[in-house]
Amino acid sequence: MGAVSREVGSGGGMASSALAAELEAFKQQAAEQERAAQERADQIAQALQHVRIVQVSAGSFHSLAVSEEGELYTWGNGLHGQLGLGMQAPERQPLPARVALPAGVRVRQASAGVDFSLLVTTDGALYSFGDGAYGRNGHGDGKDRYVPTLVAALVGTPVRSAAA
């Protein structure tokens, strides 16, 4: 059997220095991301400072908040209409925006899914908006909805809660 030999030289010190520098750069990047996330959270809190929020739901890339008055606020990625802000809305909404609801509609509960959203009203109706692929928004046609749209198949059936 042959002997195993290993050369130990000054190269190990250089590798350790490079690794230490890479680790330090990673720590700085993580700290910067944490600062940016905190700034963003502060901006969202400031945008909602005069609104009493009673429920929040987070989807993959968007969030929903329900106010004590039954209003709905949304922010994040709205590519498929999951923010409910209409077709002319920007693809990304960085701060909470109030969703225009039909007259008299008050939200009890909201649920954010993957590219779509559901809301239950105080009178037990279910609305959906966003990506309609695979029938996920309950309208049976696979089309995206850009504003909260009543799920007609459940009219007359009181809905108490929904999960996206």
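Arg136 is partly exposed, with a relative accessible area of 27%. The cut-offs are under 20% for buried, over 50% for exposed, and partly exposed in between (1.4 Å probe, protein chains only). Arg136 forms a salt bridge with Asp131, the closest N and O atoms being 3.6 Å apart. Asp131 counts as buried, at 10% relative accessibility.

This is a predicted model: local features need pLDDT of at least 70, side-chain atom pairs count only at pLDDT 80 or more, and totals for chains, interfaces and linings use all residues. Residues are numbered from 1 along each chain as its sequence is written, and side-chain values use heavy atoms, with hydrogens and water left out.

**Salt bridges**

- The count comes to 5 salt bridges. The rule asks for a side-chain nitrogen of Lys or Arg within 4 Å of a carboxyl oxygen of Asp or Glu.
- Side chains of opposite charge can pair when their charged atoms come close.
- Glu71 and Arg98 form one of them, at 3.8 Å from N to O.
- Glu71 lies in the loop between strand 2 and strand 3 (72-77) and Arg98 in strand 4 (residues 92-98), so this pair ties together parts that are 27 residues apart in sequence. Strands are DSSP runs (E, at least two residues), numbered from the N terminus.
- Glu71 is partly exposed at 23% relative accessibility, whereas Arg98 is exposed at 53%.
- Arg145 meets Asp141 in a further salt bridge, with the closest N and O atoms 2.9 Å apart.
- Asp141 is partly exposed at 36%.

**Nonpolar cores**

- The largest nonpolar core has 12 residues in all, including Leu64, Val66, Leu72, Val107, Tyr127 and Phe129. Such a core is a set of buried Ala, Val, Leu, Ile, Met, Phe, Trp, Tyr and Cys residues joined through side-chain atoms within 4.5 Å.
- Strand 2 (62-67), strand 5 (107-112) and strand 7 (126-130) each give two or more residues to this core.
- Strand 5 supplies the largest share, 3 residues.
- Another core, of 7 residues, lies apart from it, with Phe116, Val120, Leu126 and Val151 among its members.
- Leu72 is in contact (heavy atoms within 4.5 Å) with Leu64, Val66, Val99, Val107, Leu119 and Phe129, among others, leaving aside neighbours within four places in sequence.
- The contacts of Leu72 also include Arg98, the salt-bridge partner of Glu71.

**Sheet**

- Strands of a sheet pair through backbone hydrogen bonds, either parallel or antiparallel.
- In this model, 4 strands form an open sheet in the order 5-6-7-8, with antiparallel pairing. Two strands pair if DSSP finds at least two bridges between them.
- Strand 5 and strand 8 (145-150) are the edge strands, and each pairs on one side only.
- From one strand to the next, the twist averages 15°. The angles run from 0 to 180 degrees between N-to-C directions, on axes fitted to C-alpha atoms.
- Strand 5 pairs with strand 6 (residues 116-121) over 5 bridges.
- Val107 stands opposite Thr121 in strand 6.

**Ser57**

- Ser57 sits in strand 1 (residues 53-58).
- Ser57 is buried, with a relative accessible area of 13%.
- The Ser57 side chain reaches the backbone nitrogen of Ala112 at 2.8 Å.
- Beyond four places in sequence, Ser57 is in contact with His62, Ser63, Leu64, Ala110, Ser111 and Ala112.
- Leu64, Ala110 and Ala112 also belong to the largest nonpolar core.

Conventions
Polar contact = N/O pair within 3.5 Å; in protein donor to acceptor, adjacent residues only side chain to side chain.
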